[in-house]
Amino acid sequence: MVTVARCAAGLRRVSAVTSPRLRPALRELPSYSPGKSATQVNELAPYKMSSNENPYPPLPGVLEAIAAASSTSQRYPDARSSELVAVLADRLGVPAGHLAASTGSVAVLAHLMQITCDAGDEVVFAWRSFEAYPILARIAGAVPVQVPLRTDLHHDLDAMAAAVTDRTRIILVCTPNNPTGPVVRQPDLDAFLARVPPDVLVVVDEAYVEFVRDTAAVDGLATYRAHENVAVLRTFSKAYGLAGLRVGYAVSHEPVAAALRKVATPFGVSAVAQAAAVASLAAEPALLERVQAVVQERSRVVAGLRDQGYDIAQAEGNFVWLALGTRTQEFAEACAEVNLAVRPFGDEGVRVTIAEPAANTRLLSVTPKFAPEVVRQLP
Ligand SMILES: *Cc1c(COP(=O)(O)O)cnc(C)c1O
């Protein structure tokens with residue numbers, strides 16, 4: 001705290017620069033480019049396959065819960081999301097004190113960096129991975145340390161362990177990895193955790209956990225139970241279909257969870273979002289049915305692409321990764337011509353969300369022109 005008296009004594013001369021001084025870290029900030037909406041350029045129905053959203057509308061009972069909660073919009077919401085936290089604690093079998101919710105898991109992730117990183121501390125994660133990671137690290141004043149994925153597009157946990165220094169405060173493990181699709185397997189994570197200093201927080205980002213079918217995949221909750229330095233990050237944006245309402249949460253041990261609650265934006269999760277999340281949890285049978293339908297569509301798309309000659313990495317989220325290299329942008333344009341919005345990443349590849357069956361089928365009609373054999377024979 002600086003008192004007014006001391007401030008006055010320290011008044012600086014008026015400098016020639018007239019605009020407010022902003023943090024230099026912002027200059028290095030890659031900007032987050034949200035997935036494009038589908039635009040309709042011809043008679044075909046448009047589909048958005050660019051943001052890993054759920055193609056289904058909110059679950060049964062959710063719209064009613066939203067309507068009821070909206071009737072008290074003149075009031076602040078429950079700051080602690082008590083009902084949601086209680087339902088989650090019961091569902092997950094964790095103490096309520098280990099839960100911290102905020103406006104999407106991206107906000108929780110920002111808070112995790114705020115509670116662990118001082119200026120210049122390091123945040124280790126795989127790359128390519130979720131594009132919010134380097135942005136949030138820079139905003140926190142930390143240094144992003146990006147460890148290349150293995151050639152099979154899985155995390156390279158050996159290299160990540162080797163990248164840990166005495167400045168490392170937090171490590172992000174994204175499983176399944178957005179945008180490439182593979183999961184981290186439990187024995188690999190266990191071996192990794194044995195090499196990570198116990199005072200470094202390891203965050204297991206399970207944004208797509210409901211879609212995972214690999215039985216060897218990481219069990220985030222079991223891992224958190226076994227390790228004081230592990231936090232699990234979950235969201236209602238993907239499988240639960242509430243991306244528009246912004247609710248996510250972390251499960252972590254008491255000191256971390258308590259710190260998260262300290263830094264959280266006050267009243268962040270609206271009453272409408274809390275009610276919708278609670279109602280979605282109550283509609284679990286319908287949720288599981290929808291998730292299974294997406295998983296089946298994913299299998300169909302992956303099989304179709306492999307038949308066309310594509311080498312597709314393990315796809316355990318609600319999306320597939322096409323490593324199209326220099327043809328990435330051209331492919332995204334070809335999709336746009338048939339009213340499909342997909343998500344290109346530079347000259348690396350395209351992430352396509354598994355969407356309505358008609359959208360997935362249309363995707364498979366664009367991909368043959370870009371199949372490896374076809375591309376190899378081009379002049
Ligand atoms: C979509 C996503 C999130 C969740 O974002 P919300 O802020 O909860 O909508 C978190 N992590 C990853 C890897 C994601 O892809």
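Which strands does helix H12 (residues 328-337) lie across, and at about what angle does it run to E11? Helix H12 lies across E9, E11 and E12, and its direction is at about 170° to that of E11, where axes are lines fitted to C-alpha atoms, for helices over the stretch in contact, and angles run from 0 to 180 degrees between N-to-C directions.

The structure is a predicted model, in which local features need pLDDT of at least 70 and side-chain atom pairs count only at pLDDT 80 or more, while totals for chains, interfaces and linings use all residues. Residues are numbered from 1 along each chain as its sequence is written, and side-chain values use heavy atoms, with hydrogens and water left out.

## The chain as a whole

The secondary structure comes to 14 helices and 12 strands, helices (H or I, at least four residues) and strands (E, at least two) being DSSP runs numbered from the N terminus. The radius of gyration is 22 Å, close to the 21 Å that the globule rule gives for 379 residues, so the chain is as compact as a globular protein of that length; the radius is taken over C-alpha atoms, and the rule is 2.2 Å times the number of residues to the power 0.38. Along the principal axes, the C-alpha atoms fill a box of roughly 75 × 50 × 50 Å.

Buried residues make up 50% of the 379 residues, with buried meaning under 20% relative accessible area, exposed over 50%, and partly exposed in between (1.4 Å probe, protein chains only). The accessible surface comes to about 18000 Å², of which 56% belongs to carbon and sulfur atoms; such areas come from the Shrake-Rupley method with a 1.4 Å probe, and for residues only the protein chains shown count as cover. Among contacts (heavy atoms within 4.5 Å) between residues at least 6 apart in sequence, 74% join residues at least 24 apart.

An automatic or database domain assignment supplies the domain bounds, and the chain is divided into domain 1 (32-52 + 285-371) and domain 2 (62-282). The C-alpha centres of domain 1 and domain 2 lie 25 Å apart, and the contact takes 23 residues from domain 1 and 27 residues from domain 2.

## The sheet of 7 strands

An open sheet of 7 strands has the order E2-E8-E7-E6-E5-E3-E4, with mixed pairing; two strands pair if DSSP finds at least two bridges between them. Strand E2 (99-102) and strand E4 (143-148) stand at the edges with a single partner strand each, so one side of each is left without a neighbour in the sheet. Neighbouring strands of this sheet are turned by 25° against each other on average, direction ignored.

| Strand pair | Sense | Bridges |
|---|---|---|
| E3 and E4 | parallel | 6 bridges |
| E3 and E5 | parallel | 4 bridges |
| E5 and E6 | parallel | 5 bridges |
| E9 and E12 | antiparallel | 4 bridges |

Individual residues locate these pairings: Trp127 stands opposite Pro148 in E4, Val124 stands opposite Ile171 in E5, and the bridge partner of Leu172 in E6 is Val203. Strand E5 (residues 168-174) is mostly covered, as 6 of its 7 residues are buried.

Helix H3 (residues 82-92) packs on this sheet, touching E2, strand E7 (230-235) and strand E8 (248-251), with its direction at about 130° to that of E2. Helix H9 (residues 254-263) also packs on the sheet, where it touches E2, strand E6 (201-205) and E8, and its direction makes about 30° with that of E2.

Glu254 lies in helix H9 and is partly exposed, with a relative accessible area of 39%. Leaving aside neighbours within four places in sequence, Glu254 is in contact with Gly97, His98 and Arg261.

## The sheet of 3 strands

A further open sheet, of 3 strands, has the order E9-E12-E11 with antiparallel pairing. Strand E9 (319-322) and strand E11 (343-345) are the edge strands, each pairing on one side only, and the twist averages 20° from one strand to the next. Trp321 stands opposite Arg351 in E12.

Ala315 is found in the loop between helix H11 (284-307) and E9, and is buried, with a relative accessible area of 10%. Apart from neighbours within four places in sequence, Ala315 is in contact with Gly181, Arg298, Val302 and Val320. The C-alpha atoms of Ala315 and Asn177, which are 138 residues apart along the chain, are separated by 9.0 Å.
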